[in-house]
Amino acid sequence: MMSDWRRRLSMPGRVRRVAAGLAAAALALLAWDRLCPLPTPGRDSPYALVVLARDGTPLRAFPDKDHIWRHPVLLDEVSPLYLQALINYEDRAFWWHPGVNPFALARAAWQRLASGRIVSGGSTLTMQVARMIDPMPRTPTGKLRQMLRAFQLEWHYSKREILGLYLNYAPMGGVLEGVEAASRAYLAKPSSRLTHAEAALLTVLPQMPSILRPDRNPERARAARDKVLSRMEGTWRAAEIQDARTEPVIVQNLREPLLAPLLAQRLKAGAGGRTRIDSTLDAALQTHVESLLQSRTHVLPPRVSLAALVMDNATLEVLAYAGSADFTDRDRFSHVDMVRASRSPGSTLKPFLYAFALDEGLIHSESLLADTPQSFAGYQPGNFQQSFHGPVSVSEALVKSLNVPAVEVLDRLGPTRFVAMLRQGGLKLDFPRGAEPNLSVILGGAGARLEDMVGAYAAFARRGMAAVPRFTPRSPVAERRMMSEGAAFIVREILEGGGTIADAAEGQGRRRGIAWKTGTSFGFRDAWSVGVSDRYTVGVWVGRPDGTPNPGFFGANVAAPLLVDIFNILPEAPAGRVIPASVSQEKICWPLGQRASEQDIRLCPLQRTAWLLNGAAPPTFPDRIRSGAPTLAYYVDRQTGLRVQPGCARHAVERIEAARWPAALEPWLDESMRRRLPPALAPECAYERSAEGSIRIVGLTDGEVMVKPNAERSLSARAEVRGTNEEVTWLLNGRQIAVTKGASGPVLDFREPGRYDITAIGAAGQHDRISISVLPGRQAR
């Protein structure tokens, strides 16, 4: 009895000693935690970065300082089959132990003592994570440190967070760490789509990652996998396990993911410490686009690169981004991202010019423009094909990409204002230091970036709203008003139809549903094509990043075909376009440019169907050569048809009212329109010849053949004019060379052999044209 009583009295002392021991241990652990804090993944050990497509496909992975590849993955993104296999095989008590499983440790120690070798491990998943983030030697001291780290992990992280660390840090052979990296590298699929056999295979890899690498030792990997499958009996169905055993171990060789490498590099620069960047790219489309670009390199000269960008018009998300032709071809400047490079856009700005002019009420779609040689304060633009078309409409000028009409419209709008309107819509042009916008800007006299051009062109499919392309889901939606909805509709209809409204209605000239424009910079340095459909905006650039010319390479023959090929691989769902309320169609008159319904039929020799914006039918631009009213009245002899004055007429006369064509266009009119011009003055009225009379070139004869004195010297001749004392504009081969007054004309200098067309245009629009031929002279000795 006494001994039992004494034993009971001693019980509280033992409890106190145990409690004191536990408290001391807790304090020691707390001190350890303060003195030896846990390494933080991604900060204390720089974490690898991976850039992903919208479906999780790795685009490009950037290794850590040890060249280890990790693809960050969330717990919910991993297949449940893998999680089941991992817990059952590695640590069945994971969800309840405090970081260390004493029963597992005791079992492992007993098995080692009994057999003299390691039969099973006693490390929990938490302990394995501790070793991953804080490597330590496999010694008793190292094992103690590992257990202390495991306790720390359990204090600081939840079970799900610890499991997530294992998923991302587990060694998987070679330079791979983490289940997602292994699944992508070995199996070419995300870890969310693992089969039973694949889940078992990736579960066992971390035990001996070098020995069990399936790309090097498939048989060993299969044996280890089957061992895991045996442990899954009771968790997975027997049929599933049996099927998994029959599945061969077939994996691909390790290779670095390399899709959209330049975009990935761009996003990496702004990662801000993140280890995973989700992009908006469509992996399948990106692969197609890169293949298209690479296939083009076989027919391109050396050092020529390509770039392409595809944007979704609804979400503004970039679906494909190719900054160079082939990232592996350094001879083609593979590492230069031409999506971001500032290059001359050629004629790709013309659609914006005509849209702005529509909004300003300067033009409608069929406004009469003069594609003739003209001088704008000394600036004399020419066309790409070195030819002229005479009278053209806005729609024809845009589709044919004529330069002189575009410069004429820009001259009316103002280059500074045009550039400011582009900037307001989000398209900023680059000018040399100290340079100011001038008329050359519409022909490529400034720099623009492909991504900005794509964002701006989207306005034609987005009711006038331009946008900033988005590369990540986190990017904000940014859009600006570039033009009115009506102007965007009209310009898109012109580009999509390929010409006049009649052509568009018949579906001629171009593929319906796509509106695009090409551009070629001076010297064939840059070839562009940018286009829109209801759903997408696509931009293409071709050229040498170092700016070297590529003669014969222009937008229509190298960039536009690639643009169409890209559109052909895009799934399209036409949205069913509706004509905006601000847009209407009406008949207009040439040459006056106004509504046919408001004009006398005599002033409307030619009618065209035009798109009007806000009901505006502005008149044709004022004549640059001849001043005066846009209409004129004159008398004709009813018998002879010649022009007369009532005081000198021999027969009955008729008063005629007519619309006046711009003076620069009269020499370019076809025969039917030329017959509508005022006829020649009757001989009996010659003494009353006025500025409206005919003129005649003298000093040179139509059809004359002249021979140069020798090959080196040029041939000069003076031309004169009769029939006017007013100003005369002289054209040589369609290009203005002089303006004289009265009879005396310019001295013409014929430097090269060939045919020369000489035209004289009077102030009232009367004109004369002759042609001469110059033959080569003898070679000097």
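**Helix packing and strand pairing**

A: Val289, Leu292, Leu293 and Arg296 in helix 12 meet Pro561, Leu562, Asp565 and Ile566 in helix 20; contact means heavy atoms within 4.5 Å. By class, this contact of helix 12 with helix 20 has six nonpolar, no polar and two charged residues (Ala, Val, Leu, Ile, Met, Phe, Trp, Tyr, Cys and Pro count as nonpolar, Asp, Glu, Lys and Arg as charged, and the others, Gly among them, as polar). This is a predicted model: local features need pLDDT of at least 70, side-chain atom pairs count only at pLDDT 80 or more, and totals for chains, interfaces and linings use all residues. Residues are numbered from 1 along each chain as its sequence is written, and side-chain values use heavy atoms, leaving out hydrogens and water.

Q: At what angle do the axes of helix 12 and helix 20 cross?

A: Two packed helices are described by the angle and the distance between their axes. Here the axes of helix 12 (residues 283–296) and helix 20 (residues 555–568) come within 10 Å and cross at roughly 150° (axes are lines fitted to C-alpha atoms, for helices over the stretch in contact, with angles from 0 to 180 degrees between N-to-C directions). That makes helix 12 roughly antiparallel to helix 20, a term for angles over 145 degrees.

Q: Which strands join strand 21, and over how many bridges?

A: Two strands pair if DSSP finds at least two bridges between them. Seven bridges join strand 21 (residues 631–637) to the antiparallel strand 23 (residues 653–659), where Val653 is the partner of Asp637. Strand 22 (residues 643–644) pairs with strand 21 over two bridges, also antiparallel, and Tyr635 stands opposite Val644 there. Helices (H or I, at least four residues) and strands (E, at least two) are DSSP runs, numbered from the N terminus.

Definitions and conventions: Parallel < 35°, antiparallel > 145°, perpendicular 65-115°, else oblique.
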